[in-house]
Amino acid sequence: MTSRLRVRRKARRTQTLLLTGLFLTSAVLAPVTASAAPKPIYQDPKQPVAKRVDDLLRRMSLDDKLGQMVQAERNGATPAQAARLRLGSILSGGGSSPAPNTAESWANTYDAYQRAAVDTPLGIPTIYGVDAVHGHNNVWGATVFPHNVGLGAAGDPALVQKIGRATAEEVSATGIDWDFAPCLCVVRDERWGRSYESFGEKPEDAIRNSTVINGLQGGSLNGPASVLATAKHFIGDGGTTGGDDQGNTEISEQELRAVHLPPFQEAIKRGVGSVMVSYNSWNGVKDHGNKFLITDLLKNELKFGGIVVSDWNGIDQIDGQTGFTAAEVSQSVNAGIDMFMVPHDYVKFLTLLRAELNAGRVAPSRIEDANRRILTKKFELGLFERPLTDRSYLETVGSKEHRDLARQAVRASQVVLKNDGVLPLAKKDNKIFVAGKNANDIGNQAGGWTISWQGQSGPAIPGSTVLDGIKAAVGKSSTVTYDREADGIDAGYQAAVVVVGETPYAEGAGDRPDDLSLDAEDLTTLAKVKATGVPVVAVLVSGRPLDIAKQLPQWNGFVASWLPGSEGAGVADVLFGDYKPTGKLAVSWPDSVAQEPVNAGDGKTPLFPHGFGLTYPRR
Ligand code: GLC
């Protein structure tokens, strides 16, 4: 057989094989393509969201709709339990982390809940929420940014937006789609345990920094790494009498509208996707049961169209008794709450809600409104099309780029309140002693909401401490000696940096109704240093101003560092003048705890006023 023939036959054989293959393929596909029913409207991403919501609502049973309004805690509901009850959302409360606590493990956990959710008949994805309030702070290895009180002092909205974006990337790396942040509370009394979650005492402080919402949500919720932001807590938490967390905010409607409402108006203007209701009462009525606040003011007057979510077991508090009742369920649903953070008692909640609905004490229209709001955000987030984690963001978790951003935020948030010329410290030919319980404690400098709900002292997260930064900053001709209690210090040192302040806390555990003074350890350390005559630079690592008026005259320099997070070296950048301080107080500094509440314009004279902060003289 000639080669040409062989070639021709081979070609024919190849052609036959190809045609056979095509026929088989089309034969296999034919029944599928011929009989495939048109996609339901809700499953078609080309359809307008409103039409998809309408179509899906028509297909949902009452169980589907009631379940959609419940958010359970990860450690209170398995993926199977959540799917069986058609729960609409899962959360990880502070510190509720999978084991091992790695970004990958979080992504696996998220995907397990999401797979179970989309495997249900209607395939409605879940939405998973966490408190990423200063970075993705539950996750070991994530970048931990300064808490809001420091960002308020930085006065840099563009920087805060970048922090929101970086946080959104790290949150997205773990699948999570809902961030219970930012807190837009306006702190009016620093005895409050959540003062550090506030951007400052003026509504303008929160308004200016609500750019974080745009960072978190991106240009559109359907965009890469966009997560749903939450303006919280609505409304008046920062104004409770005596700074009593979850207490009573006793102010007129005029003051509520002037001080506490504007940040939420700004957040809505910025398209915030959810609002969390506050635990506090307003003039004796718990916010969680207040229809005027949630429906009349927030939904109707401010035209908020997103999800109103309760706080953790927030509906339990309406009647002042522990646990929730049928009356509290119907009162909070009718008040306008859409998603109920009922971490463990969700079966009881669903039972009571169905009973209240059947008894005519909850209107079906409320169930529809809540579902419409929840489903709208799920469609807008693209969860129906992309339900699982986009693991390409895993490389952003704790990345150098994000840590550099965090260090810049630390620099910008430092407020120099006193300087007799001791600052900036010399890098060369210097002999520096470093002391104090917060000099080398990354857990203390990160504060609450870090790995665990309350935070913890010690090597809680990777990063750099203030001491690490000081050691790295000095030249070879200098020495740095550290001792937490200042043991070994003598007059031979040229400067002493004493880092004092608070240990971590969150929420009510941080309330200090009677005393804002430094603790005994700090006072002892400071006295020991003072006795040597070495010039003292006091650095305060705390969630708020403390009562330091008596000690201030003994200091040559004083820097408020707030809660800098994982990149403590940023404090040293300011101490050595690598960054000239630009921070300004976002809260008035009381001359004593007795002066609280003290705020700009109230006629009192604080130790340092809102807006105060020194920089270095031109060298
Ligand atoms: C907490 C806080 C709230 C947080 C929620 C979920 O109690 O009040 O800010 O988002 O529970 O952790």
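Start by selecting Lys348 and Phe324: the charged end of Lys348 sits over the ring of Phe324, 4.3 Å from its centre. Keep in mind as you click around that this is a predicted model.

Next, the aromatics. How many aromatic pairs does a search of the whole structure find? It turns up 16. Show Tyr42 and Phe384: the ring centres are 6.3 Å apart and the planes meet at 85°, so this pair is edge-to-face. Zoom out and you'll see that the pair links distant parts of the chain, 342 residues apart. Tyr42 belongs to the loop between helix H1 (3-35) and helix H2 (49-59), and Phe384 to the loop between helix H15 (364-380) and helix H16 (400-413). Both Tyr42 and Phe384 are buried.

Now hop to Phe340 and Phe349. With centres 4.8 Å apart and planes at 35°, the pair counts as tilted, so don't expect edge-to-face here. Phe340 and Phe349 are buried too.

Last stop: the ligand. There are 13 residues around it, and Asp131, Arg194, Lys232, His233 and Asp311 come nearest. Check the ligand's oxygen atoms: one is 2.5 Å from a polar side-chain atom of Asp131, and one is 2.6 Å from a side-chain N or O atom of Asp311. The protein buries 96% of the 310 Å² that the ligand exposes when taken alone. Colour the shell by type and you get six nonpolar, two polar and five charged residues.

Terms used. Residues numbered from 1 in each chain as written. Predicted model: local features only at pLDDT ≥ 70, side-chain atom pairs only at ≥ 80, totals over all residues. Heavy atoms only, no water. Near = heavy atom within 4 Å. Polar contact = N/O pair within 3.5 Å; in protein donor to acceptor, adjacent residues only side chain to side chain. Areas by Shrake-Rupley, 256 points an atom, 1.4 Å probe, with all protein chains shown as cover. Nonpolar A, V, L, I, M, F, W, Y, C, P; charged D, E, K, R; others polar. Phe/Tyr/Trp six-rings, centres within 6.5 Å; stacked < 30°, edge-to-face > 60°. Helix = DSSP H or I, 4+ residues; strand = E, 2+ residues; numbered from the N terminus. Buried < 20%, exposed > 50% of the residue type's maximum accessible area, 1.4 Å probe, protein only. Lys NZ or Arg CZ within 6 Å of the ring centre and 35° of its normal.
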